[in-house]
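Hi everyone, thanks for making time for this.

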Amino acid sequence: MACAAPLQPPPSSQQLVGGEQFGGWDHGGAHAAGESGPFSPTFERRSASQRPHQGVEISDQGWFHAESNRAEQERLAHIHLDAICRAVDDRQMAGLCPDGRWVNDPVLFPDLGLHGTHTSNGVIPFCPHDQQYFVCGHFDRETSKLRETAVPSHVLDEEGDSTWVRLADFGDHSDACHLFDESCPHKTHLGRIRQGALDNGYFVEALQAIALRPRLARQLFYCWDTRRSVYIARIFKHGTWMRVELDDFVPVGAPSQDGDDGNVPICCRSEFFPYVLWPSLAEKAYAKVHTLRGDGLEITEDDRGGWESISGGGRVEEALADLTGGVAGRFHTCDVAMDRLFLYIYELQRDTLFVCRVHQTNCDLFGVKLNPYYPYVVNRACVYEGKPYIQIFSGAIGVFDGGLQDINVPHGLLHCEDYPETSAEGFFWVSAMDFHEYFDTIFECRLVNSGDVSIPGMPPPRMPPPMPPPGEPMPPLPGVAGFLPGPPPTVPPPGVAGMPPMYSQNAGYAGFVHSHTDQAHQHGASPMGAQLPWFEWVFANPGHVSAHNEPEFTVRVPDHQCPCEIVANVEQLDPRMLMKTAEREPCKSLLVKVYELLEDRNRYSSELVCKSNWLPLRDTMVAFKVLRGGEYRLVVEFARHEMGGVNRMIFRCYSSRPNVNVSASAAMYRHVLIAPTGPPKAVKLTFVGSVRPDRLDHLHRPQHLDEEHDCLRKAEFDFDPGWSDLKDEFK
């Protein structure tokens, strides 16, 4: 089907021209849709043997509203922990489990019948075997991109498979290891995260940001029992919460070249390893989510992904969203003024994570020795003696502040009791001007699914706390860092009456969920029991989405609920979960624009409220603040040169006020843009999507993303290639 030729708009309006049956937008600003011309995307139907692992037929199946499974997963986590712990004790008493620890292997441990529900997954086997580690279960040395130290090699058997080791066995004794360090419950951070042998620096950056919010880090796990090696992690994937049952077996690689470290786990580790285990288990949970196996014992044609699939680089914003359930994006400091950047970080620091990367060119130019090989995270921002300052955390070993703290930071701020973090722990202060100059890319994550996870010394909340629905008691206050070790309240979680969980001194539990349904969306609670200040909608399309059926989302905000903040995200299917080789399919470049309705149902303001980045990323976010009630249309556009569209799409929307209406559908008719006659009713609320026009190669095409260098600096970047290498690369 060819797009219609552009029409001449009337003097007072601009006609938006799309296809004959499918509507589209044509805006003259940056990042508009491509020029009109012939475009014929093809729809393909596959036979049963060619379908993806979920067996969903590729077709336009439309958008549907997806209910939240947050409370159900919380209840099932406690049920499963209780059942697994009882089974471990029973088998230990029968002499079948001498060490009294769980193994997530149906051969060594019986199936307990924990199959989940229609909306929540059951206990999925994850045997401590190299089949779970490599993509599709086997290792091809010629095509694999793994480093030599990232190949499991501990005590190989006759078939060449390695022996996995329990994390608890790295400790001095069986009770030396803990999920979190409980010795300092009031500490404002959880220390450095050290990257393992895998090329997953993006994941370590995200995990390092979470480590600076202890209550947020504890939300990565529903509950656990360290003594029995039972851990139930919490991952957000494709608009739904996933409950991930884990033991503590991990693959072990070859020792380092100097031999000082000996055999260590391939996964990332806390700087307090082996006494603190949560980063290593968080990576295992993330790897398990990206591992699909048709059979837990044998390699099959249905196998996809593996622990190896989370290697090979990645995007920080995707890992942040998966670990927190937030909405994430990126922007560059060069596109924002210094004073606006500071105010932005200052206002959002309580409910937003900021990961920053070093501006290597400026640092080299002015001799500022920041370390680009390690993560940098914004911890807090403040005004001291009338000047703006930002506190940064460096994951590097030692102090790598580039000397910036010694030049422009007053002595009183460094020793202020309100900010207890020290340089020895990796923290340093910089002026807002230096931060703007020596840091480049900023990754932000709005914590819309986490509740209040702020640390002491931050500004008060931007939004008032939500009230419980009529008839329900006030939610309990969170305990220290959100979790209560030891014996919990005697009241069982909602819906689990008669099945009190089994507790031990080594067990940890999240608070109970208190949630209610408001119209068609759920106003839920964080795992700590505190109600969330955000209302959530999730829509999904299990079919094929392309330029022929570009989605549109409508947000209606009533006048009496203003001002109201709206945060939205369009998500593609994660290609890591479908990997059959070491090569990963790239994501499509999606552009989201937000328009304000002016008159009737078809006339919109020609002035954009906001737009997203236009990059080949899995997630695309926008955020805006509604000042006066009205209707707003979110439009998703595809790059004209990227054929084929995407299979499956998820749309998430969050509002700070109730009684907002959100709907999803495909574009079915053409729309009209007209010049506004008054001030806008909504304003942009994020720097994501803010790009100076002079930095764009083409106004009507996606931005270029250097995927090879979109990461922490690697050692291989420092090697000068020889003539033979340049010759081979040229060929």
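Let's begin with strand E27, residues 619-626. Seven of its eight residues are buried, so E27 is largely enclosed by the rest of the structure. Please keep in mind throughout that this is a predicted model.

Which strands does E27 pair with? One is strand E23, residues 564-572, which joins E27 through eight bridges in the antiparallel sense. If you want a spot to look at there, find Asp 619 in E27, the bridge partner of Glu 571. Another is strand E32, residues 682-684, which is also antiparallel to E27 and is held by three bridges. Here you can look for Phe 624, standing opposite Lys 684 of E32. As a quick reminder, strands of a sheet pair through backbone hydrogen bonds, either parallel or antiparallel.

Now let's move to another part of the chain, an open sheet. Six strands make it up, and reading across, the order is E12-E17-E13-E14-E15-E16, with antiparallel pairing. What stands at the edges? Those places go to E12 and strand E16, residues 427-431, and each has a single partner strand, so one side of each is left without a neighbour in the sheet. From one strand to the next, the twist averages 35°. At the E16 end, five bridges join E15 to E16, and Ile 392 stands opposite Phe 428 in E16.

A helix packs on this sheet: H6, which touches E12, E13, E14, E15 and E17. The direction of H6 makes about 100° with that of E14.

Finally, let's zoom out to the whole protein chain. It holds eleven helices and 32 strands. Of its 731 residues, 58% are buried. Among contacts between residues at least 6 apart in sequence, 78% join residues at least 24 apart. The chain exposes about 30,800 Å², with carbon and sulfur atoms supplying 53% of that area.

Definitions and conventions. Residues numbered from 1 in each chain as written. Predicted model: local features only at pLDDT ≥ 70, side-chain atom pairs only at ≥ 80, totals over all residues. Heavy atoms only, no water. Buried < 20%, exposed > 50% of the residue type's maximum accessible area, 1.4 Å probe, protein only. Helix = DSSP H or I, 4+ residues; strand = E, 2+ residues; numbered from the N terminus. Pairing = 2+ DSSP bridges. Contact = heavy atoms within 4.5 Å. Areas by Shrake-Rupley, 256 points an atom, 1.4 Å probe, with all protein chains shown as cover. Axes fitted to C-alpha atoms, helices over the stretch in contact; angles between N-to-C directions.
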